[in-house]
Amino acid sequence: GGSPQSGRARLAYKNVLRAAVLIQRWYRRYVARLEMRRRCTWRIFQSIEYSCEQDQIKLHNFFSYLMDHFTPSSSKERDFISRMLTEEESYKDTEVEKLCDYESVEVPDSYTGPHLSFPLLPDHATALLEAFKQKQQLHARYVLKLLHETRKHLMQLPNINHISTCYSEEITVCGDLHGRLDDLFLIFYKNGLPSPEKSYVFNGDFVDRGKQSVEILIILFAFLLVYPKEVHLNRGNHEDHMVNLRYGFTKEVMQKYKVHGKKILKMLQNVFCWLPLATLIDQKVLILHGGVSDMTDLELLAKIQRHKVQTLPGLRKTRHTREKGRHMDSQAINGEGPVGVDPPRSSSFPGSCLQPGPASTASMASRMELAQRVRQSVQEELENCRRQVEFSETPGDKELSCVSSVTVTESELESCETSESSQEEWKQIVDILWSDPMPQEGCKMNTVRGGGCYFGPDVTEKILQKHSLQFLIRSHECKQEGYEFCHNRKVLTIFSASNYYEIGSNRGAYVKLGPDLIPHFVQYQANKTAHTLTMRQRISRVEESAFRALREKLFAHTSDLICAFKSYDQDETGTIPLSDWATAVESVLQLGLPWRMLRPQLVCSTAGGRLEYKSWLDDLAVEQRSQEHIQSSLLETIYRNRSNLETIFRIIDSDHSGLISFEEFHQTWKLFSSHMNIELTDDGINDLARSIDFNKDGNIDFNEFLEAFRLLEHSHCDKKAAELLPTPPIRHSSCKSPG
Amino acid sequence: GEEEKDGQQEEQLFSIIADIQKKITDAFEVFDHECNKTVDVREIGTIIRSLGCCPSEGDLHDMLAEVEEEEPTGYIRLEKFLPMMTKVLMERRYRPVPEDVLLRAFEVLDANKCGHLTKEELVKYMTEEGEPFTQEEMEEMLSAAVDPETNTVRYRDYITMMVVDES
């Protein structure tokens with residue numbers, strides 16, 4: 001029609017249309033930006049997590065090299081080093097009995113927690129669940145006995161467990177739990193408890209990071225003993241006492257079990273190493289914690305003595321490898337030495353695919369280059385260390401010879417000869433516990449984690465075909481939705497710790513397999529708050545947490561950042577263009593983050609597209625600084641290396657008491673500063689020591705020390721308490737640092 | 001003199017372009033999961049919008065047509081995306097919607113001029129008119145836009161909240 005009314009109506013309608021499109025397009029942009037923020041946040045958390053793992057490996061490499069080539073010239077030195085790197089002994093049964101010794105542990109009448117009697121019954125397991133819900137703690141006696149029985153049981157199991165869907169209709173597979181008891185409760189609530197009708201496979205990483213690793217282990221072990229045919233546990237890379245030192249499990253045990261914690265930890269070492277390595281369902285679905293490599297050999301894996309491998313990447317504290325290391329002394333010192341054929345714990349990357357396989361020459365060359373670079377840097381550190389660590393009691397013994405005074409016994413010689421095969425076995429285990437899938441074909445060293453490799457879809461395909469498998473289930477990596485397929489749905493990652501990085505960061509999931517072996521997923525998020533938040537609020541919250549961590553990292557590299565910024569500020573204006581900011585920051589932090597995407601959140605005030613970098617860094621420092629009077633460069637170094645520092649202290653504190661002697665503190669700090677490449681005078685160390693109350697028998701409560709510098713991780717509730725900590729007085733620290 | 005000034009301006013222009021290109025590459029790489037300079041075509045909208053543009057679905061369609069392969073593979077290559085996106089940003093196309101224009105758009109939908117929309121009204125407009133929302137998009141918008149007490153969308157407050165959140 002052509003009437004004015006219909007004309008008006010048409011116009012009105014057109015306006016509505018236009019308005020709708022406008023709103024929709026505005027809203028879609030809003031959502032897109034949220035999505036970008038979410039992705040960036042995820043990247044921040046991941047890259048920080050992995051760079052921490054790299055630190056761990058570097059530290060271990062340093063200690064390994066130290067152990068091989070540093071020959072103590074005085075009894076003091078020897079004691080110090082040997083105490084730091086105590087020998088590993090694989091315990092015989094009788095020794096374990098003696099060690100475990102739960103009999104002598106009395107349960108007082110005042111104890112109100114659950115009592116366990118053996119053999120365990122289903123009622124005991126449910127009683128434990130109830131008790132932990134009530135925040136009770138299992139008495140050390142029962143813990144030790146439980147560990148003892150668990151070990152006995154695990155010893156009977158093969159390396160690869162074969163299970164079938166015909167006995168219990170469905171099998172539920174859970175991934176990393178990392179001490180999140182709430183998630184385990186949620187899984188049992190949604191899926192039911194383990195029972196003859198309900199089989200479970202728990203795919204490793206039960207401990208570390210979360211605060212209830214002890215409870216999770218107790219529950220899992222209890223159900224394991226009660227339903228041995230239905231409950232199966234695979235070892236993860238965190239079932240490893242060296243890793244536990246850094247990531248919190250050791251600390252948790254010592255906090256909860258002050259008297260018997262040490263015993264429990266030692267016992268746990270002997271339980272972890274007996275955990276099976278993999279589970280096979282219906283001969284078709286292989287479940288293991290990390291992944292595979294192009295060298296993975298299931299037949300070999302089935303045969304090896306898995307308990308011989310107590311700890312994985314980096315530190316191997318066995319006598320025989322130390323012997324072998326000595327032969328390499330002179331070669332290594334001169335910068336020569338075999339590259340590509342190393343004993344596992346020397347200065348090359350552990351668990352690396354150093355065997356010449358179907359690898360291209362390019363990747364071989366880069367591996368060798370990497371090994372050489374690591375060797376060089378470790379060598380430098382060792383030289384520094386030698387200069388720094390002086391023992392005043394033996395003034396004459398300044399020279400440290402390469403010849404060791406330790407005599408070689410016959411048994412040590414024997415174990416020397418078998419080291420090659422044990423190296424291969426060790427690598428097989430590292431690969432399946434530490435590897436990650438990658439989209440590209442091939443197999444290359446996992447430099448991010450420092451152990452295992454990155455394996456491509458071709459590697460997956462090869463192993464599936466070789467053993468007639470349908471697909472792999474693994475864990476080891478946190479996934480937004482709790483699970484993720486890759487390699488053409490041939491590899492499934494399942495991750496069961498929700499809110500892993502922060503409340504709202506990710507869901508957890510478990511997968512159920514019936515006789516048809518078709519996976520069914522159940523996702524969850526174990527936190528009421530997470531549910532009530534809108535997407536926007538959830539993302540904001542997680543983002544806040546990520547950026548806090550990132551700002552801390554930036555602060556920790558202040559000196560290097562200033563150098564980098566100055567190189568872009570040739571005219572010394574005190575400012576740099578914003579576009580150079582991103583390049584500079586990446587060159588220093590090397591986190592591989594999309595800095596230009598993150599810039600709006602990190603840089604607030606700019607004038608004319610340029611940043612005043614000095615004041616920007618000062619603002620960062622104000623946030624972080626807890627001790628105004630400590631020289632900022634020292635604080636920066638502490639922050640940068642805090643988990644290394646903590647780990648070194650914990651290694652020194654071999655009885656896990658939280659106390660080290662003043663002398664040990666002194667030596668530790670020197671070792672630390674040489675490793676971290678800063679100069680620290682004796683006065684500097686003394687000032688630090690004086691800032692801590694160590695007037696108890698010349699011991700330093702290093703927990704207090706770490707607390708004082710905000711080095712321990714705080715949960716949100718602990719933060720308030722931390723703010724109330726007294727600031728210890730320090731007159732001046734006479735320490736220098738470069739830059 | 002003149003030549004010098006021209007030279008300086010040219011240099012500035014080059015550095016602006018270089019900065020834009022680095023920004024685009026950074027955003028692209030966030031979604032480049034296989035680390036091979038490609039992204040899933042379904043993520044292109046997110047990338048373009050997070051770079052500051054506010055295209056409609058129709059605009060997006062046009063941009064995609066420029067960067068897709070002759071035989072669509074489901075992936076977009078950085079090689080093709082970069083020049084297109086650089087031009088878009090240099091020409092300042094698809095600028096974001098200013099707050100006052102957004103407000104007027106809501107007012108157009110608010111036929112009774114009462115300062116708010118009912119939940120049903122908003123759903124009707126967003127899922128039936130213009131470039132309709134999916135159910136997921138609708139639910140997500142409602143979760144933040146609807147005032148639970150009155151069950152209405154007080155659009156003025158809603159806009160203010162969203163805009164603050166953005167900055």
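So, helix 6 and helix 7 of chain B: K119(B), L122(B), V123(B), M126(B) and T127(B) in helix 6 meet M138(B), M141(B) and L142(B) in helix 7, contact being heavy atoms within 4.5 Å. By class, that contact has six nonpolar, one polar and one charged residues. Here Ala, Val, Leu, Ile, Met, Phe, Trp, Tyr, Cys and Pro count as nonpolar, Asp, Glu, Lys and Arg as charged, and the others, Gly among them, as polar.

Before I go on, this is a predicted model, where local features need pLDDT of at least 70 and side-chain atom pairs count only at pLDDT 80 or more, while totals for chains, interfaces and linings use all residues. Residues are numbered from 1 along each chain as its sequence is written, chains are lettered from A and ligands numbered from 1 in the order in which they are written, and side-chain values use heavy atoms, with hydrogens and water left out.

Back to that pair. The axes of helix 6 (residues 119–128) and helix 7 (residues 135–145) of chain B come within 11 Å and cross at roughly 145°. Axes are lines fitted to C-alpha atoms, for helices over the stretch in contact, and angles run from 0 to 180 degrees between N-to-C directions. Helices are DSSP runs (H or I, at least four residues), as are strands (E, at least two), numbered from the N terminus.

Now chain A, which has 29 helices and 20 strands. How do helix 5 and helix 10 of chain A cross? Their axes, for residues 140–155 and 261–272, come within 9 Å and cross at roughly 15°. The residues in contact include V143(A), L144(A) and L147(A) from helix 5 and I264(A), M267(A) and L268(A) from helix 10.

On to single residues. E543(A) sits in helix 19 (residues 535–556) of chain A. Is E543(A) buried or exposed? Buried, at 6% relative accessibility; the cut-offs are under 20% relative accessible area for buried, over 50% for exposed and partly exposed in between, with a 1.4 Å probe and protein chains only. Its side chain makes a polar contact of 2.7 Å with the side chain of R37(A). That term means a pair of N or O atoms within 3.5 Å; within protein, one must be able to donate a hydrogen and the other to accept it, and residues adjacent in sequence count only if both atoms are side-chain atoms. Over in chain B, the side chains of E69(B) and R77(B) are joined by a polar contact of 2.8 Å.

Most residues other than glycine have a negative phi, and most peptide bonds are trans. F118(A) and P119(A), though, are joined by a cis peptide bond, with omega about 5°. D205(A), not a glycine, has a positive phi of about 55°, and D205(A) is buried at 1% relative accessible area. N499(A), also not a glycine, has a positive phi of about 50°, and N499(A) is buried at 8%.
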